[in-house]
Amino acid sequence: NFLFGANNFGKDLFVCLASGARFSFILAIIVSSVNLFVCAIYGSIEGYYGGKLDIMMERYVELLSSIPFMIVITLLKYHLNASHILILFIAFFLTGWTGMAGRTRMQFYRFKNQEYVLAARTLGARDTRIMFKHIFPNGLGTIVTRCALVIPSMIYSETNLSYLGII
């Protein structure tokens, strides 16, 4: 009566697939949420202040994004004596937040010279209030969409790593 049948040990294959999918979804959602939090702060600072600070922060992002994911996961696997979950989380976090930070930066450049931001600045609002109460909510739709599209790619990458025997 098993939906997908059973393996040689009598385990239900559907239950095994469901537990693997549950792990993949939970890991992808947690990593995506942490990436969203980090990219919101990093990209908003980068896009709001601009200038030399933006150039320095953007060079750091370019440096991190130039390192291939497969090298990061392989180095963490062989040099870090930790669980596979922690290794996957660190690898996806180190390589995943840079794209969303760039998207956040782009949204801040788009909205920071709008009239409502200039009015808030004229009325004496602090930079953090302008960043997170005025600009960030307007760019949130694009950032959350990007965050949601990262989840399937993380699941796909984790499946590939599992198939290759790295994780």
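The buried residues of helix α2 are covered by parts of the structure that include α1 (13-49) and α4 (84-111). Helices here are DSSP runs of H or I with at least four residues, numbered from the N terminus, and contact means heavy atoms within 4.5 Å. This is a predicted model, in which local features need pLDDT of at least 70 and side-chain atom pairs count only at pLDDT 80 or more, while totals for chains, interfaces and linings use all residues. Residues are numbered from 1 along each chain as its sequence is written, and side-chain values use heavy atoms, with hydrogens and water left out.

Helix α2 covers residues 51-65. At 1.5 Å a residue, its 15 residues should span 21 Å, and the end C-alpha atoms are 21 Å apart, which agrees; the expected span is 1.5 Å times one less than the number of residues. Asp54, Met57, Glu58, Val61 and Leu64 of α2 are buried, where buried means under 20% relative accessible area, exposed over 50%, and partly exposed in between (1.4 Å probe, protein chains only). Viewed down the axis of α2, these buried residues fall within an arc of 115°, so they line one face of the helix. The arc is that of the directions from the helix axis to the C-beta atoms. An α-helix has 3.6 residues a turn, so residues three or four places apart point the same way. Lys52, Met56 and Leu63 are exposed, on the face of α2 turned away from its buried side.

Helix α4 holds threonine 98. Its relative accessibility is 8%, so threonine 98 counts as buried. With neighbours within four places in sequence left aside, threonine 98 is in contact with Val61, Leu64 and Ser65. Threonine 95 also lies in α4, but at 24% relative accessibility this residue counts as partly exposed. Threonine 95 touches Ile67, Phe69 and Val72, residues up to four places away in sequence not being counted. From threonine 95 to isoleucine 151 there are 56 residues along the chain, and their C-alpha atoms are separated by 14 Å.

In helix α1 the residue to look at is leucine 36. Leucine 36 is partly exposed, with a relative accessible area of 21%. Residues up to four places away in sequence aside, leucine 36 touches Met100, Ile143 and Cys147. Leucine 36 and serine 65 are 29 residues apart in sequence, and C-alpha to C-alpha they are 16 Å apart in space.

The next pair of helices is α5 (residues 115-122) and α6 (residues 127-164). Two packed helices are described by the angle between their axes and the distance between the axes. The axes of α5 and α6 come within 11 Å and cross at roughly 175°. Axes are lines fitted to C-alpha atoms, for helices over the stretch in contact, and angles run from 0 to 180 degrees between N-to-C directions. The two helices are therefore roughly antiparallel to each other, a term for angles over 145 degrees. On the α5 side, Tyr116, Val117, Ala120 and Arg121 meet Ile130, His134, Ile135 and Asn138 of α6. By class, this contact has five nonpolar, two polar and one charged residues. Ala, Val, Leu, Ile, Met, Phe, Trp, Tyr, Cys and Pro count as nonpolar, Asp, Glu, Lys and Arg as charged, and the others, Gly among them, as polar.

Histidine 134 lies in α6. At 23% relative accessibility, histidine 134 counts as partly exposed. Histidine 134 touches Tyr116, Ala120 and Arg129, again not counting residues up to four places away in sequence. The C-alpha atoms of histidine 134 and leucine 27 are separated by 31 Å, with the two residues 107 apart along the chain.

Definitions and conventions
Parallel < 35°, antiparallel > 145°, perpendicular 65-115°, else oblique.
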